Amino acid sequence: MKVLVADDNQFFRRLLEVNLTKWGHQVVPCSNGTEAWKILSRQDCPQLAILDWEMPGMEGVELCQELRKLVDRPYVYVFLLTAKTRREDVLKGLDSGADDYITKPFDPLELQVRIRTATRIIQLQEDLMKSIKALEMRASEDSLTRLWNHAAILARLKQELDRCCRERTSLGVIMVDVDNFKQINDSQGHQKGDELLKELAARIKTVLRSYDSVGRYGGDEFLIVLPGCDLKETEALAERLRSATMSDPSREAAMAFHCTTSFGVASTDWTGDYDLGNLVRAADAALYQAKRAGRNCVRCASSNPGAWGTVHG
């Protein structure tokens with residue numbers, strides 16, 4: 001584990017470095033508080049720090065206080081190292097945000113035991129964060145297709161809309177629907193219908209860019225978010241998706257049925273609207289027109305929000 005050691009006393013700094021290295025840790029040495037803060041304020045800073053109370057630049061107590069103000073990053077376990085032994089000093093140090101307190105001169109064996117305790121706590125925190133992230137992923141994931149679920153894909157759309165509004169860039173949206181999906185379920189069974197949705201989700205992902213987003217909007221509908229795409233580019237991508245999602249002879253036996261998909265396309269540059277609800281409704285209206293046109297086709301939203309029952313393309 002990486003351990004930051006900040007002490008202006010070269011003897012103590014070197015003594016700590018020798019012992020920590022012997023115990024299998026990688027030491028990041030600092031000779032003053034300013035240097036230590038530059039490292040601790042980074043996202044990838046060491047998760048264990050030993051800070052001298054009194055040193056140039058920033059003192060250990062001040063470093064603890066500033067460190068605890070930082071959010072959205074892994075916790076840093078902090079030892080305060082000092083010659084101060086009075087009860088009020090110990091309380092002040094711990095109250096500043098330090099996790100433990102070591103007095104000079106320190107006992108190497110005692111320090112080793114305390115470092116082990118700190119390492120266990122850090123490992124527990126890492127395991128907890130991994131569990132939380134896994135739960136967050138499951139909460140935002142559609143259990144069948146492993147795509148974003150309805151709420152998550154709308155959140156992604158909102159995030160991208162806010163960004164393209166700030167930067168005045170285009171954002172494309174595609175609404176996808178499986179043609180005659182109810183008939184497939186009725187004739188082939190719901191298990192085959194589920195297999196079809198999973199297969200379509202996989203095919204859609206192969207066409208999209210790494211920074212595009214796709215989610216299961218509901219039932220057999222998918223919503224695709226395309227940053228930086230104007231209407232023409234979004235329409236072209238929808239055509240590629242239409243081809244990719246059609247069953248082909250090489251995979252027909254595995255899927256055991258044939259399907260096509262319809263696509264409704266909208267974009268901020270065409271609608272002139274950065275409202276999430278309006279953009280989704282525009283794509284949905286275009287999808288409805290694709291269905292009316294005979295399915296297995298792409299249709300684009302009108303530039304007139306009041307005429308979203310009309311499409312072109």
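Let's start with helix H6, residues 150–167: its 18 residues reach 26 Å from first C-alpha to last, close to the 26 Å expected at 1.5 Å a residue (the expected span being 1.5 Å times one less than the number of residues). Helices here are DSSP runs of H or I with at least four residues, strands are E runs of at least two, and both are numbered from the N terminus. This is a predicted model, in which local features need pLDDT of at least 70, side-chain atom pairs count only at pLDDT 80 or more, and totals for chains, interfaces and linings use all residues. Residues are numbered from 1 along each chain as its sequence is written, and side-chain values use heavy atoms, without hydrogens or water.

Five strands form an open sheet with parallel pairing, in the order E2-E1-E3-E4-E5; two strands pair if DSSP finds at least two bridges between them. Strands E2 (26–30) and E5 (100–103) stand at the edges with a single partner strand each, so one side of each has no neighbour in the sheet. Further in, E1 (residues 2–6) runs parallel to E3 (residues 48–52), joined by four bridges; Val5 has Ile50 of E3 as its bridge partner.

Helix H1 (residues 10–22) packs on this sheet, touching E1, E2, E3 and E4 (77–82), where contact means heavy atoms within 4.5 Å.

Note on methods
Axes are lines fitted to C-alpha atoms, for helices over the stretch in contact, and angles run from 0 to 180 degrees between N-to-C directions.
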